[in-house]
Amino acid sequence: MSLTIEEASALFPWNDEKFRADPYPAYERARAIAPVHRTTENTYVVLNHADTTHNAKLPCMRIAEPPSFATAGEHPHPWTAFDNTVLSKDAPEHTRMRRLTNRWLTPKMIGTWARLTHDFTVEALGRLAPGEVVDAHFDLGVMPTHLTMCRILDMPVGDVEGMFWALWDAMLINATAPGEGIHARSLAGMNFMFAETERYVREKQSAEEPGNGLVDELLAAHGRGELTWREVLETTVLLYMSGGPNPAYLIGAGFKLFAERPDLMAEFREKPEIREAFVNELARLNPVELIITRFPNEDIEIQDVHIPAGSCIKYPIGAANRDPAVFENPNNFDHNRPPEASRNLTFGLGTHACAGQLLARAETSVILGLIAERYSSVELAGEPLEVRTDRLVAFDKLPVRLS
Amino acid sequence: MTVVHVLYGTESGNAEMVADDIAAAFGDQGYETVTAELTDVEVSDLAAMQIAVFVSSTYGEGGLPETAAPFHDALLTERPDLSGVRFAAFGLGDSIYETFNNAIETIRTALLELGAEQIGTTAKHDAASTTPATELADAWARELLTLMPA
Ligand SMILES: Cc1cc2nc3c(=O)[nH]c(=O)nc-3n(C[C@H](O)[C@H](O)[C@H](O)COP(=O)(O)O)c2cc1C
């Protein structure tokens with residue numbers, strides 16, 4: 001059955017509050033009609049896990065938006081601020097930029113960093129009075145992971161809350177149809193993050209003794225003429241900003257799950273050997289970034305749909321992550337899925353897969369492990385509050401009581 | 001006693017992890033092992049190694065990791081006689097790339113050309129598979145152990 005562009009577009013009401021809060025039924029309906037939909041003249045949506053994993057990482061799937069997609073009148077696009085990072089580069093430049101961080105995020109180093117996360121979490125828990133309500137998202141998700149990233153980078157803690165919301169604002173522009181006033185708000189958020197970060201990086205640059213973090217390594221490379229100032233700054237902002245907010249959503253989702261399913265909390269406590277699979281399943285059901293967007297630079301075909309070079313392809317992560325062809329009872333939490341039916345796209349895939357995913361997974365495991373070991377229950381002390389666009393989700397508040 | 005040198009080139013540490021696993025497997029069987037990143041290995045030292053296990057990922061577009069490239073360049077320019085050297089090869093890659101596991105092939109080709117003899121099969125870990133690299137490394141090392149001279 002072949003839909004018109006209007007009919008296909010109506011399947012994905014990107015700006016609808018209900019769709020944003022729970023896009024999964026809409027994905028299922030759309031998938032039942034066809035695995036690939038053309039939703040505008042030059043936009044396609046791919047729903048199946050197999051099609052997504054195969055196609056999204058093909059070398060022809062460029063991450064850089066072709067100029068034809070620029071919206072007239074609103075310049076500059078706030079995200080051009082990251083033009084000199086892995087986010088916007090394709091190979092071979094991408095390879096060069098990715099190498100800047102590789103050494104800091106090896107499986108071996110992750111062990112060191114996760115021990116820091118452990119210590120920061122122990123300190124935060126130590127400050128809680130018995131029965132005190134705590135914001136599990138900010139105090140136990142954002143803070144310990146942000147502090148860990150600060151140590152990796154050797155950066156000061158800074159205005160964590162200010163930066164969190166500046167990032168949120170900056171990300172708003174990436175919604176499919178951002179709406180009135182978002183451009184200015186996004187640009188303001190971006191400028192705030194860059195100004196704050198640049199101030200700290202300049203301070204490090206003029207310090208008598210260099211520090212021992214990743215940023216010091218970037219500064220040294222800049223000193224040798226191997227990196228431009230923009231490359232140093234943009235990569236620093238990217239890491240400094242993503243250390244807390246992204247894992248925090250996963251961690252928050254873990255707290256919610258522990259509150260809803262004490263049996264799973266007990267299992268997490270008693271069986272350390274399941275933790276890796278548990279965190280992976282948590283990631284499958286709770287992606288933070290919700291859509292992978294790519295622009296093929298060659299004509300390609302997905303499920304007999306011809307997609308011309310220069311189109312925009314949206315791969316909704318939630319659709320692939322809950323494809324019933326791969327995941328039995330896709331909406332259920334089940335950490336015992338076999339390995340071949342547990343691979344999800346929450347951390348992306350291929351060349352552009354999240355460079356910090358090992359760290360995020362380890363941090364989540366450490367924090368949830370501490371909670372499960374030290375407490376017998378997690379109780380929600382109020383409705384969890386989320387903020388959402390069709391591209392991104394974050395917790396605003398997640399009040400819990402630990403006992 | 002035979003000393004087993006485990007030499008690795010890596011970008012993000014997976015090959016390093018595999019090198020450690022292989023060294024541990026040999027260590028468990030009583031072998032003396034030396035693990036080193038290829039940046040710390042002199043090509044001129046290679047000829048004196050009886051057994052060298054090479055571990056390398058592939059990066060960029062079929063390229064060698066940054067830490068393996070200078071070693072490979074030096075092999076090609078210095079052209080040491082490796083006829084007394086026996087080596088094994090373990091690659092890491094991702095089958096989505098057309099250049100799947102190119103780097104370990106590049107290294108193998110150079111070693112064979114210089115007279116070294118390969119023992120065992122070339123392992124090619126695929127990041128797109130569901131097998132953890134550690135698991136493949138253990139299985140492959142066990143297999144390799146059966147081929148070691150007494
Ligand atoms: C930017 C990038 C480029 C890659 N290019 C290739 C490639 O050309 N061929 C291949 O087989 N694997 C490629 N891979 C996959 C890696 O070889 C694989 O993830 C491996 O496990 C990394 O090991 P390492 O951490 O030791 O570097 C690439 C990975 C990244 C992140």
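# Exercises on a two-chain model with a ligand

The area buried between chain B and chain A is about 1,600 Å², and carbon and sulfur atoms give 48% of that area. The model is predicted. Work through the exercises with the structure open.

## Exercise 1. The interface

Task: Describe the side of chain B that touches chain A, by area, residue count, class and element.

Solution. 

Step 1. Count the residues. On chain B, 23 residues are in contact with 19 residues of chain A.

Step 2. Sort the polar pairs. Between chain B and chain A there are 11 residue pairs in polar contact, both residues being at pLDDT 80 or more.

Step 3. Find the main element. Helix H1 (residues 14-28) of chain B gives the most to this side, with four residues.

Step 4. Sort by class. The side of chain B that touches chain A holds eight nonpolar, eight polar and seven charged residues.

## Exercise 2. Salt bridges

Task: How many salt bridges cross the interface of chain B and chain A? Check the one formed by Arg103(A) against the cut-off.

Solution. 

Step 1. The rule finds six salt bridges across this interface.

Step 2. Arg103(A) pairs with Glu37(B). Their closest N and O atoms are 2.7 Å apart.

Step 3. Apply the cut-off. A salt bridge needs a side-chain nitrogen of Lys or Arg within 4 Å of a carboxyl oxygen of Asp or Glu. The Arg103(A) and Glu37(B) pair qualifies as a salt bridge.

## Exercise 3. The ligand site

Solution. 

Step 1. List the surroundings. The ligand is surrounded by 22 residues. The closest are Thr10(B), Ser12(B), Ala15(B), Thr58(B) and Thr99(B).

Step 2. Take the backbone atoms in turn. A polar backbone atom of Gly60(B) is 2.9 Å from a nitrogen atom of the ligand. For Gly62(B), a polar backbone atom is 2.9 Å from a ligand oxygen atom. Leu92(B) has a backbone N or O atom 3.4 Å from an oxygen atom of the ligand.

## Exercise 4. Sheets of chain A

Task: Why do S1 and S3 of chain A each have one side without a neighbour in the sheet? Then trace the pairs of S12(A).

Solution. 

Step 1. Write the order. Five strands of chain A form an open sheet, S1-S2-S8-S5-S3, with mixed pairing.

Step 2. Find the edges. Strand S1 (36-40) and strand S3 (61-62) of chain A each have a single partner strand, so one side of each is left without a neighbour in the sheet.

Step 3. S1(A) pairs with strand S2 (residues 43-46) of chain A in the antiparallel sense, over four bridges. Thr40(A) has Thr43(A) in S2(A) as its bridge partner.

Step 4. Move to strand S12 (residues 399-402) of chain A. Strand S4 (residues 133-135) of chain A pairs with S12(A) in the antiparallel sense over three bridges. Here Val133(A) stands opposite Arg401(A). Strand S9 (residues 378-380) of chain A is also antiparallel to S12(A), over three bridges. There Leu380(A) stands opposite Val400(A).

## Exercise 5. Backbone details

Task: Which residues does the cis peptide bond join, and where does Asp154(A) lie?

Solution. 

Step 1. The cis peptide bond joins Ala91(A) and Pro92(A), with omega about 5 degrees. Pro92(A) sits in the loop between S3 and helix H5 (93-102) of chain A.

Step 2. Asp154(A) lies in the loop between helix H7 (138-153) and helix H8 (160-172) of chain A. Its phi is near 60 degrees, a positive value in a residue other than glycine.

Technical notes: Residues are numbered from 1 along each chain as its sequence is written. Chains are lettered from A and ligands numbered from 1 in the order in which they are written. This is a predicted model: local features need pLDDT of at least 70, side-chain atom pairs count only at pLDDT 80 or more; totals for chains, interfaces and linings use all residues. Side-chain values use heavy atoms; hydrogens and water are left out. Contact means heavy atoms within 4.5 Å. Buried area is the accessible area (1.4 Å probe) that two parts lose on being put together, summed over both. A polar contact is a pair of N or O atoms within 3.5 Å; within protein, one must be able to donate a hydrogen and the other to accept it, and residues adjacent in sequence count only if both atoms are side-chain atoms. Helices (H or I, at least four residues) and strands (E, at least two) are DSSP runs, numbered from the N terminus. Ala, Val, Leu, Ile, Met, Phe, Trp, Tyr, Cys and Pro count as nonpolar, Asp, Glu, Lys and Arg as charged, and the others, Gly among them, as polar. Two strands pair if DSSP finds at least two bridges between them. A residue is near a molecule or strand if one of its heavy atoms lies within 4 Å of it.
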